[in-house]
Structures are given as C-alpha cells and as structure tokens.
Amino acid sequence: MKKLPVNCPSCEKSLVVSQLSCSNCETVISGSYSLPILLQLSSEDQDFIFEFILSSGSLKKIAIKLGKSYPTVRNKLDDIIERISQLQKS
Amino acid sequence: MKTLLFKPFEKYSEKTLLFAGLIFTIIGSYLAYLFKTRFDGVLDIHIVPNTFFYQTLLDNLINISCLVLFLSISTKYINKKTRLIDVFTTAIVARTPYYLLPFFNINGLVGKASEEIIQYANPELISQISFSSWLIIILFSLISILFLVWYISLLFNGFKVASNAKGKTPIILFSLSLLLAEILSKFLIFKFN
C-alpha cells in the first residue's frame with residue numbers, strides 16, 4: 001500500500017489536498033483542502049489508533065496484542081495525544 | 001536479548017516483572033547470606049565476616065522501599081498518571097545485577113583478599129601483599145562497576161517507562177532520587193539492621 005505523504009519533502013511543512021478525482025467517471029475536483037488531523041499523524045500512530053478502536057479502548061488488550069508492557073502502550077497514547085494537541089494548535 | 005537485559009520494562013507485564021523481581025530478591029538475599037555479603041545501601045555492597053539471612057533480606061527490603069519512595073515522588077512529579085506498581089517493579093527488577101555479585105565471594109575469595117590488603121595497607125608492608133589478592137580485588141572492583149552501571153541503566157529505563165520521562169529534568173530528578181534513597185537506606189540499615 002502506498003504511503004500518504006503528509007509533509008513537504010522540500011520544506012517539511014504540512015501538505016494540503018489540491019486535487020481529488022473519481023476513479024469511476026474521472027471527475028476532477030481542484031481546490032485546497034487541509035488534511036484531517038488523524039491523517040497528519042505518522043502511519044505508526046494511525047495504526048495504533050486503529051488498534052485502540054478495535055480493542056474498544058482497552059490499553060491492556062493492546063499491550064497483550066502488541067507484546068508490550070502497559071506503561072509503554074500508555075506512553076504511546078500520551079505521545080499521540082500531545083501530537084494531536086500540537087496539530088490542533090498549529 | 002538487549003530488551004531482556006536492559007529494557008524489560010518496555011515489554012513485560014507488571015505481573016511478570018513483579019513475580020520475577022520478588023523471586024530475584026529472595027534468591028539474591030539468600031546468595032548474599034551464603035557468600036557473606038551485605039547490601040548496606042541502595043548502591044552499596046560489602047563483604048562481611050558473617051551475616052544472617054534476615055539481615056540480607058532486610059537490607060534489600062529497605063533498599064527497595066527507599067528507591068520506591070523517592071522514585072515514586074519524582075515520577076509522580078513528572079507524570080501524574082504514573083502507577084506505583086511500575087515504580088515498584090522497576091526497583092525490584094533493576095537490583096537483579098547486584099544480586100549476582102555475592103557469587104564472586106565464593107569460598108570467601110574476595111573477603112580474604114581484602115583482609116590481606118587491609119592488613120598490609122602500609123607503605124612499608126605493601127610489597128607483602130600477594131599478586132593474587134591484588135588481582136582478585138581489582139577484578140572484583142571492575143566487575144562491581146560494570147554491574148553498577150547495568151543496575152543504574154535498568155533503573156533509569158524503568159523510571160523512563162513508568163513516567164514517560166523526556167528531556168533533562170527527569171535525569172536530574174532521577175539522580176536526586178537515587179542520592180536521597182542512598183542516604184536514607186544507609187541511615188535505616190545502620191539504625192535498624
């Protein structure tokens with residue numbers, strides 16, 4: 001699966017969506033749309049959030065599934081929360 | 001292997017760490033009794049002429065309690081979500097390298113060598129100290145330093161995982177906690193054990 005780039009490889013600023021297209025009728029929409037905050041997170045963080053939802057928000061279940069300790073998993077969640085807060089402010 | 005030796009707190013559950021830590025503490029205390037060693041301070045290990053199992057066990061319980069006390073204050077200051085169980089497992093598992101050190105005093109090897117050195121610790125008599133005693137003491141000192149580094153790195157890794165510590169402030173708090181734990185443990189062991 002192709003990895004969605006979220007930062008500019010040249011200046012590292014956040015990228016925006018400038019074009020969307022329909023794969024069925026080939027309609028193309030141009031504009032400037034900001035990426036949703038969740039998509040601006042790293043793929044590793046997105047995978048973690050995905051696991052978090054699938055585990056009904058149980059960090060203990062995620063810890064068992066990922067083979068990590070509970071504080072390691074909780075720290076990961078805290079780091080993601082902090083990253084989201086930073087993205088909301090920017 | 002690296003995770004098991006230096007970062008077990010990132011991987012293993014608190015139940016596993018607690019169980020392993022308690023077993024290591026009891027075995028470590030028994031080894032210290034067998035090989036006449038005292039853990040008379042959070043960072044101390046000394047060869048003694050004689051000891052009892054209750055003394056070595058109490059040494060370790062005091063050391064663990066002092067570590068838990070000061071590390072939990074620091075970790076709570078860094079991160080309010082820190083759990084006491086994570087600090088406790090850090091303290092009991094991190095001390096494991098120290099529990100291996102009494103082995104080196106098998107047949108009173110280190111004790112005899114240090115007695116000989118103390119006996120001839122005089123500029124005129126120093127040449128009478130045997131080469132083997134020097135070698136034993138130097139090797140034991142080097143191994144003790146290595147195991148001390150291993151112990152502190154385990155302790156710091158556990159501290160970081162328990163509190164999600166980042167930056168320089170936690171390093172200062174960790175060092176301060178260790179120093180205070182050392183002072184208090186020395187005092188308590190001297191007073192009660």
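Over all chains, the count comes to 10 salt bridges, a salt bridge being a side-chain nitrogen of Lys or Arg within 4 Å of a carboxyl oxygen of Asp or Glu. The model is predicted, so local features need pLDDT of at least 70 and side-chain atom pairs count only at pLDDT 80 or more, while totals for chains, interfaces and linings use all residues. Residues are numbered from 1 along each chain as its sequence is written, chains are lettered from A in the order in which they are written, and side-chain values use heavy atoms, with hydrogens and water left out.

Two salt bridges join chain A and chain B. In one of them, the side chain of A:Asp78 meets that of B:Lys81, with N to O at 2.8 Å. A:Asp78 also forms a salt bridge with A:Arg74, where the closest N and O atoms are 4.0 Å apart. These two residues of chain A are four residues apart in helix H4 (residues 70-89), and are therefore separated by about one helical turn.

The contact between the chains (heavy atoms within 4.5 Å) takes 10 residues from chain A and 15 residues from chain B.

Within chain B, helix H5 (residues 84-94) and helix H8 (residues 131-163) have axes that come within 9 Å and cross at roughly 170°. Here helices are DSSP runs (H or I, at least four residues) numbered from the N terminus, and axes are lines fitted to C-alpha atoms over the stretch in contact, with angles from 0 to 180 degrees between N-to-C directions. H5(B) and H8(B) are therefore roughly antiparallel to each other, the term for angles over 145 degrees. Among the residues making this contact are B:Val87 of H5(B) and B:Leu154 of H8(B).

Notes: Angles under 35 degrees count as roughly parallel, over 145 as roughly antiparallel, 65 to 115 as roughly perpendicular and the rest as oblique.
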